[in-house]
Amino acid sequence: MQLLIMRHGEAGWHTLDQERELTESGRDHVAEAAAQIAESPWRPKLIWSSPYIRARQTAAIASEILNCPVAEKPFITPDDDPGQCLDALLESEVSPLMVISHMPFVGSLATLLVDGHRRGIPFMTSQAVLLDMPVVGPGCADLKAQFLP
């Protein structure tokens, strides 16, 4: 399986974290990263998005550029357990698949799949990485590419 993990674009402030929207700069950076992915051999067939507004907006921009559908997943919000996402990945037959979420989730998911732990690595806003997993499981992925705005 090939998995793209992307952090949402830069977002403004809101009293409710779930309601934060992308800034204009955030929209531009998401489009830049998505355009790089579109030119790569790893164009996703499906995007999984967090239900938070900034992730949904990021997914909508990426979906338009990459010409692929979006499915909202309630288990990929900032503080969710990446193990639940791993369970869903084990059941998925879609590849390449893209996950658009938040810190610390994206960092924890990436290190779970590459290194087998959940300590997490930092992701910049609009950053995406491509993981290649011959077998889906903790510590089974290799980092193959990175996309930065």
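**Close-up views of a predicted model**

View 1. The charged end of R20 sits over the ring of W13, at 4.8 Å from the ring centre. This arrangement, like those in the views that follow, belongs to a predicted model. At W48, the ring has the charged end of K73 over it, 5.0 Å from its centre.

**View 2. The aromatic pair of W42 and F147.** Two aromatic pairs occur in the structure. One of them joins W42 and F147 in an edge-to-face arrangement, with 6.4 Å from centre to centre and 70° between the planes. W42 belongs to the loop between α1 (24–38) and β2 (46–49), whereas F147 belongs to strand β6 (residues 142–147); the pair therefore ties together parts 105 residues apart in sequence. F147 is buried, its relative accessible area being 5%.

**View 3. The aromatic pair of W48 and F75.** The ring centres of W48 and F75 are 6.0 Å apart and the planes stand at 85°; because angles over 60 degrees count as edge-to-face, the pair is assigned to that class. Distant parts of the chain are linked here: W48 lies in strand β2 and F75 in the loop between β3 (70–72) and α3 (82–91), 27 residues apart. W48 is buried, with a relative accessible area of 5%. F75 also counts as buried, at 13% relative accessibility.

**View 4. Helix α1 and its buried side.** Helix α1 comprises 15 residues and spans 21 Å from its first C-alpha to its last, close to the 21 Å expected at 1.5 Å a residue. Its buried residues are G26, V30, A33, A34, I37 and A38. These residues cover an arc of only 145° around the axis and so lie on the same side of α1. An α-helix has 3.6 residues a turn, so residues three or four places apart point the same way. The buried residues of α1 pack against β1 (2–7), α2 (53–66), β4 (97–101), β5 (128–132) and β6.

**View 5. The nonpolar cores.** The largest nonpolar core contains 25 residues, and those with the most contacts inside it are L3, I5, W48, C85, L89 and L113. Two or more residues of this core come from each of β1, β2, α3, β4, α4 (105–115) and β5. Helix α4 gives the largest share, six residues. Leaving aside residues up to four places away in sequence, L113 touches residues including L3, I5, L86, L89, L131 and M133. A second, separate core has 21 residues, among them I37, A55, L130 and F147.

Conventions:
Residues are numbered from 1 along each chain as its sequence is written. This is a predicted model: local features need pLDDT of at least 70, side-chain atom pairs count only at pLDDT 80 or more; totals for chains, interfaces and linings use all residues. Side-chain values use heavy atoms; hydrogens and water are left out. Rings of Phe, Tyr and Trp (its six-membered ring) pair if their centres lie within 6.5 Å; planes under 30 degrees apart count as stacked, over 60 as edge-to-face and the rest as tilted. Helices (H or I, at least four residues) and strands (E, at least two) are DSSP runs, numbered from the N terminus. Buried means under 20% relative accessible area, exposed over 50%, partly exposed in between (1.4 Å probe, protein chains only). A charge sits over a ring if NZ of Lys or CZ of Arg is within 6 Å of the ring centre and within 35 degrees of the ring normal. The expected span of a helix is 1.5 Å times one less than its number of residues. The arc is that of the directions from the helix axis to the C-beta atoms. Contact means heavy atoms within 4.5 Å. A nonpolar core is a set of buried Ala, Val, Leu, Ile, Met, Phe, Trp, Tyr and Cys residues joined through side-chain atoms within 4.5 Å.
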